[in-house]
Amino acid sequence: MRAGGFGATTVPALEPQPGDSSRGTRAQTAEPGKEAGTPLQVISHSAPRRLVGTNIDLKLLAILNELHRTRSVSHAAENLQVSQSTISMSLAKLRRHFSDPLFVRTSTGMEPTPHAIEVLTLLSKAEGLIQSALEHHVIFDPSSSDRVFHLCSTDIAQLTLLPTLMKRLKETAPHIEVDLRSVSDSIPRLLESGEVDLAVGFIPPMGAGFYQQRLFCDRFVCAVRAGHPRIKNELTLEQFERETHLTVATSGTGHIVVESTLEAKKIRRKVGLRVPSFLGIVPILMSTDYLAVLPEQLGKFFASTGKIKLLPLPFTIAPYFILQHWHERYNHDPANVWFRSVIAELFLQ
């Protein structure tokens, strides 16, 4: 039943569904002053109508422009390689759209009306903007840019890669700033949204929509203090299982491969301390007899102090790759391309 011109429709009261106590309660509760079961009214509003004539074939605008240039229906038809009747019909559509003759015959040819001149002026500006948009190319100049690059990196990369990277940026892009963030499980979302430009480290693959580039290969080793009373120049599996370990519980990285390897090989490890990152573990190793399984590149950085020594593990863990990751949205972004190229130039092996 139609009512009030708004398309109101009367529908029966909702019936409670079996097993749905909430619906049953709602159906049985009546508003004050109304009887339970009063029919509900659903008011539907039709979608707003588009303005008449807003959709117009852009080819008609080309005809309008050609008529203005040639002042002749026949010449416009010849130049556009269409029939004169096509020009005439198109002009009729334009006249209806603008509610104006647009062009009238004079002793010198088809002359535009004031309305047509205003429209043609606006179209000329629009054409210039469109042409600029089509020819627009983003240019990135690192020597003058003050862009902030957001980089996600593992703590290992922070210690081993960042000093070299910042030295290069100081030489080639002195005004660029790097905002460093720790690796977490939210990396895919951050890369996709553009909150992070690149992620570098031993990071699990992120699936479709993401690019990655191998930089170099690394492997795990065991680190102990140089003066360890029981571990000399070789580490046996028996010693590995007997000694107490310092372990690193990282999030969003591939270092879980260590735990999975130990579990698969049924190798026992007695943990004395768990820390959230590799940063700051050197003083702990130097003051205890703990063993720590860590990447060789980081281990070499620690061993350069002369207080830490590195030993091969008494079991096999497959080597792995350090990669840089980015989202396909920014694959062709000139700034992102440049930043990736700098990192690849420095660390690609």
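Q: Which residue in strand 13 stands opposite Ala-223?
A: The model is predicted, so local features need pLDDT of at least 70 and side-chain atom pairs count only at pLDDT 80 or more, while totals for chains, interfaces and linings use all residues. Residues are numbered from 1 along each chain as its sequence is written, and side-chain values use heavy atoms, without hydrogens and water. Strands are DSSP runs of E with at least two residues, helices runs of H or I with at least four, numbered from the N terminus. The residue opposite Ala-223 is Leu-310.

Q: How many bridges join strand 9 to strand 13?
A: Strands pair if DSSP finds at least two bridges between them. Strand 9 and strand 13 run antiparallel, and the bridges joining them number four.

Q: Which are the edge strands of the open sheet?
A: The sheet has three strands with antiparallel pairing, in the order 12-9-13. An edge strand here pairs on one side only, which applies to strand 12 (292-295) and strand 13 (308-311).

Q: Which helix packs on the sheet?
A: This helix touches strand 9, strand 12 and strand 13, contact being heavy atoms within 4.5 Å. Its direction makes about 110 degrees with that of strand 12, from axes fitted to C-alpha atoms (for helices over the stretch in contact), with angles from 0 to 180 degrees between N-to-C directions. The element is helix 12 (residues 296-303).

Q: Which residues touch the most other members of the largest nonpolar core?
A: A nonpolar core joins buried (under 20% relative accessible area, 1.4 Å probe, protein chains only) Ala, Val, Leu, Ile, Met, Phe, Trp, Tyr and Cys residues through side-chain atoms within 4.5 Å. The core has 40 residues, and the ones asked for are Phe-240, Trp-338 and Phe-339.

Note on methods. Buried < 20%, exposed > 50% of the residue type's maximum accessible area, 1.4 Å probe, protein only.
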